[in-house]
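The sequence and the model are shown first.

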Amino acid sequence: MNKPLVSRTYWRGTWIRFREKVDFADLEQVTVNAQDGAQVRGLYWTPKGRRARVAVMAAHPRVDFSQHYAFPEFLRAGYACLGANLRSIANDVNCVHEQLLLDLGAYANWLKDEKGIEKIVWLGNSGGGSLGGFYQQQAVAAPAARIAKTPAGRPVPLAAAALPPFDAMIISAAHTGQGLIMNDVIDPAVVDEKDPLLTDPSLDLYDPRNGFKPAPQWSEYDEAFLKRYRAAQVARVARIDAAARAMLERQADAEAARADPAFARLPFERQRAILQRASFQPVMTIYRTMANPNYVDRRLDPSNRGYGCLLSERPDLMNYQLLGFGRLQTPDAWLSTWSGLSSNANLLKTAAAVTVPTALVNAGRDRDVYPETHSKAIFRALGTTDKAYFDFPNRLHYFEPDEGEDPAAPVREQMGKVLPWLQERCPA
């Protein structure tokens, strides 16, 4: 192969970092405790010699946003910036979105109580878009109306948590939710979750008999295949949901047996087996999650994107690699984060609760976020009447520079439109 499986831009730290030397800002490490006792840490940047009244906060379920590429331009304009890393940073095996909202609430309270910040602007880049939408939905809800349990049935203390709502939102190159992404990328040709090389040829996206052409030629699939394929994707997600819930039910049964007064009278070996089952935390392996027809058929949701996906120019092979969406998950994390059928972090549903000024940024060359499926659908779903759509037809997912281009140029292009919009609504 002439190209590596993992795309060069993704492998270079995904470009979620400063593109220039930031010697015009002060830095403070932040440590906060969430409502449930979890401790998380981030980085707080402030303009030198200036007290900030408005802060831009950015976070992602698993990516380090502590030095987000957009921060320098915000800092120059007088905004404080908080890169709020969460409890699932760099590892979403046990990422439960309902718990992440507690982390965000702790950071937001710190900004207001410790730093005197008057307004908080959410920067929802990539997976941060659906995360922020979910937070805002719960923050504006009456405490008693907030979600009381995760999709796995675990209690979550959102009702008891102080969740200051955002005052404005910037949704940049964001998908509609990790679960909805999974619905679109999961390979329905997998016959047996325990034997991932077994394939149903009639559902194999990368089989020439179904319309696939060798990479990097663009493929063309007929409508009948795509309709059957999409339905089979959702069916596989439903099967995994059922498997996850079965695991949780077995654990719940063991917990009930442990709590039963009769437990004390059981033989030691029986007690031991019950305690083991109640303590057991299974991890699910979700194979082959790089199989979205949009990766290889550019007629689907047309854009300026190149061949392949965010992670690779060879999704047909990347589909079998360790690195992939939702590869390792606890049942709790699968249901909360990666199941498009069960996750609450669905921006198409939570966006109605977003009634604050909101800017949406579309990156036209994005290979995993598409204009109709994601950007325009989110924009239409937003509950606010004060919203702006900024299209950058020649930019990538993380506004990475092209070969030989000034690394900061794509950022300045984006901020050249977004920053004036924000300054009009939330002056620094």
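Rings of Phe, Tyr and Trp (its six-membered ring) are taken to pair if their centres lie within 6.5 Å; planes under 30 degrees apart count as stacked, over 60 as edge-to-face and the rest as tilted. Under this rule, Y69, F392 and F399 form one aromatic cluster. The model is predicted, so to speak of local features requires pLDDT of at least 70 and side-chain atom pairs count only at pLDDT 80 or more, while totals for chains, interfaces and linings use all residues. Residues are numbered from 1 along each chain as its sequence is written, and side-chain values use heavy atoms, with hydrogens and water left out.

**Aromatic pairs**

The count of aromatic pairs comes to 13. Two of them are listed here.

| Pair | Centre distance | Plane angle | Class |
|---|---|---|---|
| F379 and Y389 | 5.5 Å | 80° | edge-to-face |
| F392 and F399 | 5.5 Å | 75° | edge-to-face |

F379 belongs to helix α11 and Y389 to strand β12, so their pair ties together parts that are 10 residues apart in sequence. Helices (H or I, at least four residues) and strands (E, at least two) are DSSP runs, numbered from the N terminus. Buried means under 20% relative accessible area, exposed over 50%, and partly exposed in between (1.4 Å probe, protein chains only). Y389 is partly exposed, at 26%, whereas F392 and F399 are both buried.

**The sheet**

Two strands pair if DSSP finds at least two bridges between them. Eight strands form an open sheet of mixed pairing, in the order β1-β2-β4-β3-β5-β6-β11-β12. β1 (25-33) and β12 stand at the edges with a single partner strand each, so one side of each is left without a neighbour in the sheet. Within the sheet, β6 and β11 pair in the parallel sense over four bridges, and I170 stands opposite A359 in β11.

**Helices**

Contact means heavy atoms within 4.5 Å. In helix α11 (residues 371-381), the buried residues are P371, H374, S375, A377, I378 and F379. They pack against β6 (168-172), α5 (178-185), α10 (347-350), β11 (358-363) and β12 (387-392).

Axes are lines fitted to C-alpha atoms, for helices over the stretch in contact, and angles run from 0 to 180 degrees between N-to-C directions. The axes of helix α3 (residues 97-115) and α4 come within 10 Å and cross at roughly 75°. Residues of α3, including L100, L101 and L104, meet L131, F134, Y135 and Q138 in α4.
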